[in-house]
Amino acid sequence: MKKLFGWVALSLMVLASAASAEIQTLDRATASHLGNPNSYTVPTVVAFWSLDCPHCKHYLQELGELNRTREQVQVISVAVEPLHKEHGEVLDELRSDGPRYAYGDEVPAVLGYALDPDWRGELPRALFFDGRGNKLTRSGRLSMATVKTLLELDGDASGIE
Amino acid sequence: MSQFFRGGIKLWLILLGLTSLFACTSHSPPSSLAGLVTQAEPAQLGTGAALAADGNLHIVVREGEHLALYSSPDLGANWNAPTRINAEPEAISANGENRPKVALAKDGGLLVSWTHPLAKRFTGEIRLARSGDGRTFNEPFTVHRDRSEITHRFDSLLVTKSGDVLLVWIDKRDMEIAHAAGEEYRGAGIYAAVSTDHGRSFAPEFKLADHACECCRIAFEEDVDGSALVLWRHVFEPNERDHALLRLDPAQVPGPVQRATFDRWAIDACPHHGPGLAVADDGTRHSVWFNVREGEPQVFYGHLQSGEPEGQRSVGGSRAAHADVAVRGDLVTLVWNEFDGERTHLYTQTSSDGGKTFESVQSLSSTSGRVDQPRLAQQGDKLLVVWHTELAGVEVYSL
């Protein structure tokens, strides 16, 4: 119980710190936290992206739209490359308004593994949390219908493996 | 008189110790001869390597806005002082999939190619510099005639036995034309340019294929008949990111695009994971590639042929990545990176029956820092793997 309380407290702390448009640099502990289903109490997408990934930008734009139309959905963006001045500009342009992260100084392979040990570097990649302790991972740009299914927003779990 | 560097003395001493330790075992892993410390930035470790007929090992790394050539007369034990390749500074790509390349021209010249990113994102030019003596380089030039600010990136360089110098690259001019007309265009094009004067000049470029994947390295090898073989990740309709093979005959006439792998990874994503290719004397096309097949991401090895690859098998563990392949007669050598959550390992595996069966995996090195992809450099029966790491510099292993 204490452990659960600790996770919730840490979740609120981490999410609150990233709630502004500021981009937080990611360290290993925060990366592990972002990849942990116990960190979330609302449906959440953690979307990996990079400046050189056109598919990611379309995806973030669509996820941002989903976030605006379905308020209970949280979209967290993680730039899987060292923080760059263009990250904020691009996210603003795409209207990706959720918490924002970018890689810090640690070895990228370490951060990637902490976020998602099954990820092999392809982009886009996203983690889907239903907010009740379940997690799914998917690569590529998915339709918003599929995203909603993965988040169990429509009570349909047919897309879940 | 050339100046010599002793790189990574500490590592050198450790490896000497390891060498003597392993000397008494029958399956001792090869030991690195040096850890050359370069001025490459940790995020830009992409390294080109070539082994010359005279035994010199040449590597090219990015140091700021310059490329530096390091040469070793003794397979990595000692290194000459670096030579600056581009006198004028410019932006240079030097990451894993888009590293600078180095090759030996048949007239004894040394050739270096690279991608020069332009101001607009995803754009670039393919550049080439030539040295007649390996010490001073002529002013670099842009290889293609098209100077639009678009994608010309991910170059690969090949010198054929006849002496022709060929460059291939990812090129988005046809995508730009299609988009301007309001039409869809899947992926990017592949273009080529050929030099018949040992890299001093190139004829106008020409298209090899449409619909390549946009961000993976291209494998480029000579076939037994003097043709060039180009292997790349393709976007087959509607979005299957398998591999395609094309033969460019000695008269530079491109053949058809042939599907080379059939893993059917349907995804709208950038895998950042290009293939490797080596052609045996009997014409067998040994290849390594990464794909997600039936939901499982894996590095694969197989013989490319018409239809599905022969003898396709997975390589390494579930996190194997960025493999390379070389062949000497029936001896097939694979190398790859594998991250275990804490460290990235450099592994090798060999087959002495042309790839039918493989011996057990050997670990060559590991590091907790950033790494480049492993690069094989071959000259006849001599084979080296060059591994540029953030913490130990450039490690060289004789395989």
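**Two chains, one predicted model**

Pro124(A) sits in the loop that links α5 to β5 (125-129) of chain A; helices (H or I, at least four residues) and strands (E, at least two) are DSSP runs, numbered from the N terminus. Pro238(B) falls in the loop between β17 (228-233) and β18 (243-248) of chain B. As a bit of background, most residues other than glycine have a negative phi, and most peptide bonds are trans.

Before going further, a word on the source: this is a predicted model, in which local features need pLDDT of at least 70, side-chain atom pairs count only at pLDDT 80 or more, and totals for chains, interfaces and linings use all residues. Residues are numbered from 1 along each chain as its sequence is written, while chains are lettered from A and ligands numbered from 1 in the order in which they are written.

For chain B, pLDDT (the predictor's confidence in each residue, from 0 to 100) averages 92, and 91% of the residues score at least 70. Residues 1-27 of chain B are another story, with pLDDT below 50, although this stretch has 33 contacts in the model beyond near neighbours in sequence. A contact here means that the C-beta atoms of two residues, placed from the backbone, lie within 7 Å. Where pLDDT is low, the predicted coordinates should not be read in detail.

On to chain A, which has 6 helices and 6 strands. Read from the N terminus, the order is α-β-α-β-α-β-α-β-α-β-β-α. Of the contacts in chain A between residues at least 6 apart in sequence, 65% join residues at least 24 apart. Buried residues account for 43% of the chain's 161 residues. A residue is called buried if 20 or more other C-beta atoms lie within 10 Å of its own, exposed if 12 or fewer, and partly exposed in between, with C-beta atoms placed from the backbone.

Helix α3 (residues 54-69) of chain A makes a handy example. With 16 residues at 1.5 Å a residue, this helix should span 22 Å, and its end C-alpha atoms are 23 Å apart, which agrees; the expected span is 1.5 Å times one less than the number of residues. The buried residues of α3(A) are Cys56(A), Tyr59(A), Leu60(A) and Leu63(A). Seen down the helix axis, they fall within an arc of 100°, so they line one face of α3(A); the arc is that of the directions from the axis to the C-beta atoms. An α-helix has 3.6 residues a turn, so residues three or four places apart point the same way. The buried residues of α3(A) pack against β2 (44-49), β3 (74-82) and α4 (85-94) of chain A. Turned away from that buried side are the exposed residues Arg68(A) and Thr69(A).

Arg95(A) counts as partly exposed because 13 other C-beta atoms lie within 10 Å.

The two chains meet through 18 residues from chain A and 19 residues from chain B. On the chain A side, helix α5 (residues 108-115) gives the largest share, 3 residues. That side divides into 10 nonpolar, 4 polar and 4 charged residues, where Ala, Val, Leu, Ile, Met, Phe, Trp, Tyr, Cys and Pro count as nonpolar, Asp, Glu, Lys and Arg as charged, and the others, Gly among them, as polar.

Chain B is assigned domain 1 (98-270) and domain 2 (273-371), with bounds that come from an automatic or database domain assignment. Taken over C-alpha atoms, the domain centres are 23 Å apart. In chain B, 21 residues of domain 1 are in contact with 19 residues of domain 2. On the domain 1 side of this contact, β17(B) supplies the largest share, 4 residues. By class, the domain 1 side has 11 nonpolar, 3 polar and 7 charged residues.

Finally, Asn98(B) lies in the loop between β7 (83-84) and β8 (101-104) of chain B. Asn98(B) is buried, because 23 other C-beta atoms lie within 10 Å. Leaving aside neighbours within four places in sequence, its contacts include Gly46(B), Phe154(B) and Arg217(B).
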